[in-house]
Amino acid sequence: MEAPDLTGEGAKVANRQVANPLGVRALVLLTNIAVFYVAFLVASGKALPTGGLESVWLLSAAALWFLTLLSSPWFLPPRDSLANAIGTLAILVTIDLGAAEQFRAELDILRWLGVGYCLAVVGLSLAALLLHDRSPNDRWARLSYRLVGIFGLGEILYTLPAVISIVGAYQANLPGLASLTVLWTFFIVARPIDRGIQAWQQWQQDPSEKAGDDLVGVIARIDHPNIVRVRLSGGGRWKPGSLHIAAMADGEQQYVIELFTQTQGTEAIGTGICVASLQEPVAAPAGHVLLSREPDRVGEFIENLSGTKDAELIGFVVENSTIGAVRFEIAQTASLEEGDVVFARVEGKEVFYQILDAETTEESFEQNPRGTQIVRAAQLGSYDPQKGFIKFPWLPAMNTPLFAAKKRALPEPVLTDRDFLVGKVPSTSASVPANIDDIVEYHTAILGVTGTGKTELALDIVREAVARGVKVFCVDFTGDYRERLADLKPVLPGPSTKEAEELEARLFEVETGKFGAPDEKKALKKAIDELRTSTAKQVTEFLEGEEGNLAILELTEITNTKATLRLTELYLSTIMEWARQNRRARQIQLVLEEAHTIIPETFGAGFDYDTQWVVGRIGQIALQGRKYGVGLLVVTQRTALVSKTILSQCNTFFTHSLIDQTSLNFLESVYSSQHTRLIPNLANLHFLAFGKGIRAERPILLHREFDPKKKEASDRLRKTLSKKEPVKAAGATDAADAQAPS
């Protein structure tokens, strides 16, 4: 069924109520057909209908009743109008007027006028369908929807062939013609069998029930366009998920689903949301709210509103919402958590929002304020399997209902050979892809304190890059990469023990030499030049070789910070020089684990000129690398200590839990302030993702599933490292703890 448009004219003709259950409607259908069959038998003298003109009125009546009583008892323009018009069109075009002795020309004119009318209804129905799908609130969509609901009724359309049939076939039998005309008019307009059964049900009803058992309360206030506040006569009748009928002041009646109740002195006020109009009003004074006799239709109405079977109505939009984030009041039975996803239907599209925060507030009615919870959720956008979550350019109207996305089955994302799944959206079936080319080329940062899962994410990205032919060069202080990526058969470049000791000695001499240390600096330059030759050979062999795509530069044995920076700069500069000379011959990713050690923030850190120059050189690689196909993957647990020049060049961020204010201040320029406030509370294996590398146009909270195999690998590595050295490597705790169950 089409979702009713509660703010448009289409709602007034949608969801016509048929009070009787299916069994009673079937009895009405059979009784009507039996009465018409007897009338056909008496008027025509034939036991069975034929394809002749005398049978058309009987067949038209049967088609009308099957549609209105069984197939589609709740009239839904323009879908049913289209079906009615096409059915009538088939009858009119094929009808044979040969049996009409008089008025044949006039009946033929009437037949073709009817054909024209049916074609107009078909065209109007198709226009209404197309316009309503594009924008239900468009002026022309509303007009066409309203017109087709008026002119496309089956009672109008099927009367055309019935009149032609009765007049054409029974004109020689004037009593029969008059009787059939009266019979058709009486049964189609008055519906005597249907109304007679309803009257009998009312007669059999207990007098106490008729007196007031259906009355729930009276309307106290309407919050435009669809929130109803009801002054309850009995609070126990306003139950979660119950269905009611509200008689509005303008004569219209609406189905209402309960949301919550609040106490006002000695009274109770119920709040509900209007979900559909009654086409056939029940007996109720204006302002009264009755208990519906069709509670099983709650699921049907919610499915119509949400487009999802068994969806959970969790609240409605309140004031101070924006395009980027909505605020909504939750229903009494709603159960939500931080990171859960909800959705609303806006202009015919599903727009998803992710919960970032919630607060308590008071809602004043007349007295006794009611405590409620107001949830803040950031827009993710509409979902497309190929493009992911796309920004939606507008916000829901006040009091728009919101639904939990837990049962909303989203299609699997369409992946290219350069895409991989980086995480899942909590409380949904949706996975978010990342593109390895964008992650490499536009620089990426993985941030988070120890034990949150950042190293595991970095290792997975390295594996995805290597599998797709990217040359990955890792600078590792932790000792994790060599062990955890051993199956990829990494190349292990680096200075020899003698070269490393020589470099550390020359640096120490510069630091302790006489003022200016000119001789010591010459010796240092000579040592670095010698290193540069061996470094260039190693880099060239790795980048030009076809055997392996992973190289790991381990610096765990080097204790001098300046030596570490010099060696890192030396290898990265050599890689950059090769990339300049062989422009984009290879796609290269530089992974900097414990990046705060390799590319520290030099401002105010007390580094000397030479150290600042080295860090500046690494920064230049970040600034210029993209032109030559060289990208950075920065991994750090101490964002505040990493060079902001380099971090600001990263276009994709994966942020796990961080608690220091300096890091959070920086990240406010990446995410919104609302998202940044979420970061300190992120759970294990949860992270914020945003940037060019992921398939989402707004920041999104993701989580990764716990993997026991990764936990086992981290435990084995921790035991190995504890045997080799008395102090644990910096990254081992991070990798192991990240896979421990929460």
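Author: A salt bridge is counted here when a side-chain nitrogen of Lys or Arg lies within 4 Å of a carboxyl oxygen of Asp or Glu. The model is predicted, so local features need pLDDT of at least 70 and side-chain atom pairs need pLDDT 80 or more, while totals for chains, interfaces and linings use all residues. Residues are numbered from 1 along each chain as its sequence is written, and side-chain values rest on heavy atoms, with hydrogens and water left out.

The structure holds 24 salt bridges. In general, side chains of opposite charge can pair when their charged atoms come close. Helices (H or I, at least four residues) and strands (E, at least two) are DSSP runs numbered from the N terminus. Arg-506 counts as buried at 14% relative accessibility, whereas Glu-509 is partly exposed at 28%; buried means under 20% relative accessible area, exposed over 50%, and partly exposed in between, with a 1.4 Å probe and protein chains only.

Elsewhere, salt bridges with shared partners join Arg-221, Asp-223 and Arg-229 into one network. Arg-221 is partly exposed, with a relative accessible area of 30%, and Asp-223 is buried at 16%.

A further pair is formed by Arg-376 and Asp-357, with 3.5 Å between the closest N and O atoms. Because Arg-376 lies in strand E11 (residues 370-384) and Asp-357 in strand E10 (residues 349-363), this pair ties together parts that are 19 residues apart in sequence. Arg-376 is buried, at 18% relative accessibility, while Asp-357 is partly exposed, at 36%.

The surroundings may be taken up with the barrel. Six strands close into it in the order E1-E2-E5-E4-E3-E6, with antiparallel pairing; two strands pair if DSSP finds at least two bridges between them. On average, neighbouring strands of this sheet are turned by 45° against each other, direction ignored. Angles run from 0 to 180 degrees between N-to-C directions, and axes are lines fitted to C-alpha atoms, for helices over the stretch in contact. Strand E4 (residues 253-264) and strand E5 (residues 267-277) run antiparallel and are joined by 10 bridges. Gln-254 has Ser-277 in E5 as its bridge partner.

Helix H11 (residues 298-306) packs on this sheet and touches strand E3 (243-247), E4 and E5, its direction making about 100° with that of E4. Contact means heavy atoms within 4.5 Å. H11 is largely enclosed by the rest of the structure, because seven of its nine residues are buried. These are Val-298, Glu-300, Phe-301, Ile-302, Asn-304, Leu-305 and Ser-306.

Several backbone features complete this region. Most residues other than glycine have a negative phi, and most peptide bonds are trans. The peptide bond from His-224 to Pro-225 is cis, with omega near 0°, and Pro-225 has its place in the loop between strand E1 (215-223) and strand E2 (227-232). Just after H11, Gly-307 takes a positive phi of about 75°. Asp-310, which is not a glycine, has a positive phi near 60°. This residue lies in the loop between H11 and strand E7 (313-317) and is exposed, with a relative accessible area of 52%.

E16 runs parallel to strand E20 (residues 630-636), with four bridges joining them, and Ile-446 stands opposite Val-635 in E20. Four bridges also join E16 to strand E21 (residues 652-655), again in parallel, where Leu-447 stands opposite Thr-655.

As for the whole, the protein has 24 helices and 23 strands. Of its 742 residues, 51% count as buried. Among contacts between residues at least 6 apart in sequence, 70% join residues at least 24 apart.
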